[in-house]
Amino acid sequence: MTITERFDAQQLDRAAEILRIGGLVAFPTETVYGLGANALNLRSIERIFHVKGRPSNNPLIVHVADRNQLESICSTVSPIAEQLAAAFWPGPLTLVLPKQTSVPDLVTAGFSTVAVRVPSHPVARELLLRANVPVAAPSANRSGKPSGTTWQSVLEDLDGCIDGIVCIEEPTDFGLESTVVDVSSTEPTVLRLGAVTIEQLGALFPSTAWQVAPKFQTANSPGRRHPHYRPKARILVVSSAPDQTNRSALNSRSKAFIGLTPPPGGIPFDLVQICSSVEEYARSLYEFFRAADRKLLKEVWCQPVPMHGIGMALMERIARAAENRSDLDGPIQNVL
Ligand code: TXA
Ligand code: MG
């Protein structure tokens, strides 16, 4: 067992030193917490996969302090990649580009491309600057579970397995992961919806058809092959009150509700969060899933939101958390 050292934003020198010499340090970004390791150190990268229980065919995102470090990681940077970087970095956008040979195959799961991002969170930026190495950082959670958006949730999964964590009091700003855009070939493709929205991308490049990978199932989107964002509780997308026939069965199960307006009347919930905006809903979702699991609740009812802005990424995460529950009885009734 490892002792996981806790750092605050004033102790970044020590955290950066641990990263540089090959340790694992979790740190906040503007999206979710990342589990960082020196991207050039094979032992550290192996350890990331091991402590997360992550399948080795799911590649990692390399984080750098600024755009100038891109050439040390990517072999070619297309004009569209340049424009996207100029518009959204630092920020919650990940670009998939042809990789340099110096990037270990373990980081990219054998792909000839590498995912790169420059985060905007001041703690992440300062840590990357001080570490002065590219930092591979998947979300700081056990594989398949919701990403950690608070230091407490990160430690719930990884305490005693990693060397350190930089803690901030507030949850991370967006609460959902970065948007992943493949710009390694001529047609840019959104591989993962995220905090940078399709509308923002479209506003910058009106002529570009933002191809969203069909059902995100392509070989180019390796993250899609694995279950994600999933609490133990069963996730349901509930847009209206269930009818009377379902009601008594529904009432017998312990459950939580999250949405923008109050839940259907007359149904008892053990945990309720009404969010004042879609942004707050997105910021709260993973922590709410975890809170439901801590209370051993059986279901989480999620109210749908319109499919635009960050609402698209939010609905995609909810749908993925709800899918393929072969361990549960019966098909998922997504809309009651
Ligand atoms: O917001 C974020 O992106 C957070 C913070 C910590 O930066 N990181 C994150 O990492 O969400 P992770 O490992 O949980 O998700 C990385 C995603 C996965 O879906 C992975 O398949 C995809 O990026 N990815 C990484 N390298 C890729 C590549 N070469 N080609 C296609 N997809 C790639
Ligand atoms: Mg993840």
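**Entry 1: a charged pair to begin with.** I started with lysine 99 and aspartate 105, whose side chains form a salt bridge with 3.4 Å between N and O. I kept in mind that the model is predicted. Lysine 99 has a relative accessible area of 14%, so I noted it as buried, the limit being under 20%. Aspartate 105, at 48%, is partly exposed.

**Entry 2: how many more?** How many salt bridges does a search of the whole structure find? I wrote down 18. I picked two further pairs to follow up.

Aspartate 157 meets arginine 290 in a salt bridge, at 3.0 Å from N to O. I checked where they sit: aspartate 157 is in helix α6 (residues 151–158) and arginine 290 in helix α9 (residues 278–294), so distant parts of the chain, 133 residues apart, are linked by this pair. Both aspartate 157 and arginine 290 are buried. The two also belong to a salt-bridge network, together with Lys145, Glu156, Glu287 and Arg294.

Arginine 253 and glutamate 299 were next, with their closest N and O atoms 2.4 Å apart in a salt bridge. Arginine 253 is in the loop between α8 (244–251) and β13 (255–259), while glutamate 299 is in strand β15 (residues 299–302), so this pair ties together parts that are 46 residues apart in sequence. Arginine 253 is partly exposed at 33% relative accessibility, whereas glutamate 299 is buried at 1%.

**Entry 3: a lysine without a partner.** Lysine 52 belongs to helix α2 (residues 42–52). I found it buried and without a salt bridge; aspartate 157 is the nearest side chain of opposite charge, 7.6 Å away. A salt bridge needs the atoms within 4 Å, so that gap rules out a pairing here. What does the side chain of lysine 52 reach instead? I noted the backbone oxygen of serine 139 at 2.6 Å, and also the backbone oxygen of asparagine 141 at 3.2 Å.

Next I went through polar contacts with oxygen atoms of the ligand. Serine 178 has a side-chain N or O atom 2.5 Å from an oxygen atom of ligand 1. For histidine 63, I found a polar side-chain atom 2.6 Å from a ligand oxygen. Arginine 117 has a side-chain N or O atom at 2.9 Å from an oxygen of ligand 1. I also noted the cover: of the 680 Å² of accessible area that ligand 1 has on its own, the protein covers 97%.

**Entry 4: two last look-ups.** Proline 119 is in the loop between β6 and α5 (122–131), and at 1% relative accessibility it counts as buried. Its C-alpha atom is 7.5 Å from that of alanine 65, though the two are 54 residues apart along the chain.

Glutamine 200 is in helix α7 (residues 198–204). Is glutamine 200 buried or partly exposed? I have it down as partly exposed, with a relative accessible area of 37%.

Technical notes. Residues are numbered from 1 along each chain as its sequence is written. Chains are lettered from A and ligands numbered from 1 in the order in which they are written. This is a predicted model: local features need pLDDT of at least 70, side-chain atom pairs count only at pLDDT 80 or more; totals for chains, interfaces and linings use all residues. Side-chain values use heavy atoms; hydrogens and water are left out. A polar contact is a pair of N or O atoms within 3.5 Å; within protein, one must be able to donate a hydrogen and the other to accept it, and residues adjacent in sequence count only if both atoms are side-chain atoms. Accessible areas come from the Shrake-Rupley method with a 1.4 Å probe; for residues, only the protein chains shown count as cover. Helices (H or I, at least four residues) and strands (E, at least two) are DSSP runs, numbered from the N terminus. Buried means under 20% relative accessible area, exposed over 50%, partly exposed in between (1.4 Å probe, protein chains only). Lys and Arg count as positive and Asp and Glu as negative; His and the chain ends are not counted.
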